[in-house]
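Welcome! Have a look at the model first, and then we can walk through it together.

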Amino acid sequence: MAYVIAVSGGSGSGKSTLAEALVARLGSDQVVLFHEDAYYWPRTHYPEDMSVGAINYDHPASKDAEHLVQDLNALKQGHVIDQPVYDYGRHDRSRTEVRRLAPATVILLEGIHALSIPQANDLIDLRVYVDTPDDLRLARRIRRDVVERDRDIEGVLSQYMQTVRPAHYAYTHPAKFGADLVIADEGLPAFGDVHPSEAAIERMLAPVLDRLRAVGILED
């Protein structure tokens, strides 16, 4: 049976950086990345006249938890699954495309709600929370949305204050106190073409790799 690591943290915390570094370190034959964001409800879940702006994508209810848990359990039991693909440009789940995931020794469940979905608790073997200062997370989010996604800063800040920040403190942040590992990330500046140094990656990876050695997945 696969070993499930859930990696959570606020938007812009560095949780994806940690998850991708674990995949690179362990190898794609040993680990599979399971994206929580794949399980956003399709638009058909909402009233036809409901606008995208009216949907709170930062609330756990924006995810199809039952489908997520069903797929995670099947993958953990050694079955191949077809994970949904969410199209951020259309704000909808793809009707034709899926991502086929094959079983692996380690499953990395990554996302802001990875530790906030009660139905998934019994499937998780290691709970990791990436703890990053709010100002740095917000700066990273502004840079991503304005520079990379061509959004205006007023819209980014409005969404942050109305849904992102309240949902973070209601659902994501409380999970920190039940995590097995809390990894501090003072991280990188939020401007320029910056990438984590090898030393920074090693600092984030070290406690997780120690746990994997303790359960026999990694050799000393």
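## Ground rules

A salt bridge here is a side-chain nitrogen of Lys or Arg within 4 Å of a carboxyl oxygen of Asp or Glu. The model is predicted, so local features need pLDDT of at least 70 and side-chain atom pairs count only at pLDDT 80 or more, while totals for chains, interfaces and linings use all residues. Residues are numbered from 1 along each chain as its sequence is written, and side-chain values use heavy atoms, with hydrogens and water left out.

## Salt bridges

Side chains of opposite charge can pair when their charged atoms come close. How many salt bridges does a search of the whole structure find? The search gives 11.

One of them joins the side chains of D92 and R90, at 3.5 Å from N to O. D92 is buried at 5% relative accessible area, whereas R90 is partly exposed at 36%; buried means under 20%, exposed over 50%, and partly exposed in between, using a 1.4 Å probe and protein chains only.

K76 and D125 also meet through their side chains, at 3.1 Å from N to O. K76 lies in helix α2 and D125 in the loop between β5 (106-110) and β6 (126-131), so this pair ties together parts 49 residues apart in sequence. Helices (H or I, at least four residues) and strands (E, at least two) are DSSP runs, numbered from the N terminus. K76 is buried, with 5% relative accessible area, and D125 is partly exposed, with 33%.

A further salt bridge links D131 and K176, at 2.9 Å from N to O. D131 lies in strand β6 and K176 in the loop between α4 (153-172) and β7 (181-184), so the bridge ties together parts 45 residues apart in sequence. D131 is partly exposed, at 24%. Through shared partners, salt bridges join D87, R90, D92 and R95 into one network.

## The cavity

The whole structure holds 1 cavity of 30 Å³ or more. A cavity is a set of points on a 1 Å grid over the protein atoms alone where a 1.4 Å probe fits but cannot get out, and lining residues have an atom within 4 Å of a point. The largest cavity has a volume of about 50 Å³, counted as the space filled by probe spheres set on points joined across faces, edges and corners.

Its lining consists of G10, S11, D58, I112, V164, A167, H168 and T172.

## A loop residue

T44 sits in the loop between β2 (31-35) and α2 (65-76) and counts as exposed, at 71% relative accessibility. The C-alpha atoms of T44 and D92 are 8.7 Å apart, with 48 residues separating the two along the chain.

Notes. On a 1 Å grid over the protein atoms alone, a cavity is a set of points where a 1.4 Å probe fits but cannot get out, and a pocket is an open set with protein on both sides within 12 Å along at least five of seven lines; lining residues have an atom within 4 Å of a point.
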